[in-house]
Amino acid sequence: MKKWTGFLLLSALVVALAGCTGNQPDQKPTTPTTETAQPATEITKPAGSKHTNMDEKEAVALAAEGADAYAYVLNGGKIEPDKSKSFTHEGKDYRFVGSDIDTKEKLMKYLENVYTKAASDKVVDNLKLIEKDGKLAQPSIDKSSVLQWGSGQAEMITENQNGREYEIKVPIGEGDQVDFKVYSVRIKQEDGVWKLDTIPGVKE
């Protein structure tokens, strides 16, 4: 009897094992899915926002935007290092500016976000931009400013039919070495928005 019982238990175990190791339906390995991020399209940041109202705070913001736009053009715009081309003009080294501002039309559209048309023309003249082979070029000089226009303090000193004039006290330097310079900035309305009629920090 014991032998028979043992035989039955052994048979049951064999059947159970066969069920576990028998043919199973094919299973395809699962591959984790990931979303491929598309590279962001780089575009030229507008020279500034549209200022429909004007007070001391807005004057500081507009002056800071104008100073940034001037510095952007001064340093050639968006120049790709491997595509930078230079040449000699009247004995001086010149380089072509970046493709985002390499025509007069593109450059003026960029500047006129914050500058009046007359002031935009002054920027072009002041930076000695020239045209060669249909593209704009400039002297091969990079400059930077330590003036912190965004932290300036403004006070309106005149207002008339031609616009407003503000004096802006601008910090220069950092830490314990901070000093201040005062600049006069003219602002006027053009096309329904307030724009700079002078170049911040640049003598006329």
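**Fold, confidence and ring contacts in a predicted model**

Author: From the N terminus on, the elements of the protein chain run α-α-β-β-α-α-β-β-β-β-β-β. The chain has 4 helices and 8 strands, and the model is a predicted one.

Reader: What is the mean pLDDT of the protein chain?

Author: The mean is 80, and 75% of the residues reach 70 or more.

Reader: And where is confidence lowest, and where highest?

Author: Confidence is lowest in helix H1 (residues 2-21), with a mean of 44. Strand E5 has the highest, at 97.

Reader: How many contacts beyond four places in sequence does the model have for residues 1-43?

Author: The model has 2 such contacts for that stretch, over which pLDDT stays under 50.

Reader: Turning to the chain as a whole, what share of its residues is buried?

Author: Buried residues make up 34% of the 204 residues. As for contacts with a separation of 6 or more, 56% of them come from residues 24 or more positions apart.

Reader: Let us take helix H3. Which of its residues are buried?

Author: Leu107, Met108, Tyr110 and Leu111 are buried in H3. Seen down the helix axis, these buried residues fall within an arc of 160°, so they line one face of H3. Glu105 and Lys109, on the other side of H3, are exposed.

Reader: What covers the buried residues of H3?

Author: The cover includes H2, helix H4 (117-126) and E4.

Reader: How many aromatic pairs does the structure hold?

Author: There are 4 aromatic pairs. In one of them, the ring centres of Tyr72 and Tyr110 are 5.4 Å apart and the planes lie at 40°, so this pair is tilted.

Reader: Why does that pair tie together parts that are 38 residues apart in sequence?

Author: Tyr72 belongs to helix H2 (residues 56-74) and Tyr110 to helix H3 (residues 104-111), so the pair joins parts separated by 38 residues in sequence.

Reader: What about Trp149 and Tyr183?

Author: Trp149 and Tyr183 form a tilted aromatic pair, with 5.3 Å centre to centre and 40° between the planes. The pair links distant parts of the chain, 34 residues apart: Trp149 is in the loop between strand E4 (135-139) and strand E5 (153-160), and Tyr183 is in strand E7. Trp149 counts as buried at 6% relative accessibility, and Tyr183 counts as buried at 18%.

Reader: Which residues do ring pairs link into a cluster?

Author: Phe87, Tyr94 and Phe96 are linked in that way. Phe87 also has the charged end of Lys132 over its ring, 5.1 Å from the centre.

Reader: And what lies over the face of Phe180?

Author: Lys169 lies there, at 4.7 Å from the ring centre.

Reader: Finally, in what sense do E7 and E8 pair?

Author: Strand E7 (residues 179-190) and E8 pair in the antiparallel sense over 4 bridges. Leu196 in E8 is the bridge partner of Ile187. The hairpin of E7 and E8 has 2 residues between the strands, and Asp191 takes a positive phi near 60° there.

Reader: Which way do the residues of E8 point?

Author: In strand E8 (residues 193-196), Val193 and Lys195 point one way, Trp194 and Leu196 point the other way, and all are buried. In general, side chains in a regular strand alternate between the two faces of the sheet.

Notes: Residues numbered from 1 in each chain as written. Heavy atoms only, no water. Buried < 20%, exposed > 50% of the residue type's maximum accessible area, 1.4 Å probe, protein only. Pairing = 2+ DSSP bridges. Phe/Tyr/Trp six-rings, centres within 6.5 Å; stacked < 30°, edge-to-face > 60°. Lys NZ or Arg CZ within 6 Å of the ring centre and 35° of its normal. pLDDT = per-residue confidence, 0-100. Contact = heavy atoms within 4.5 Å. Arc of directions from axis to C-beta.
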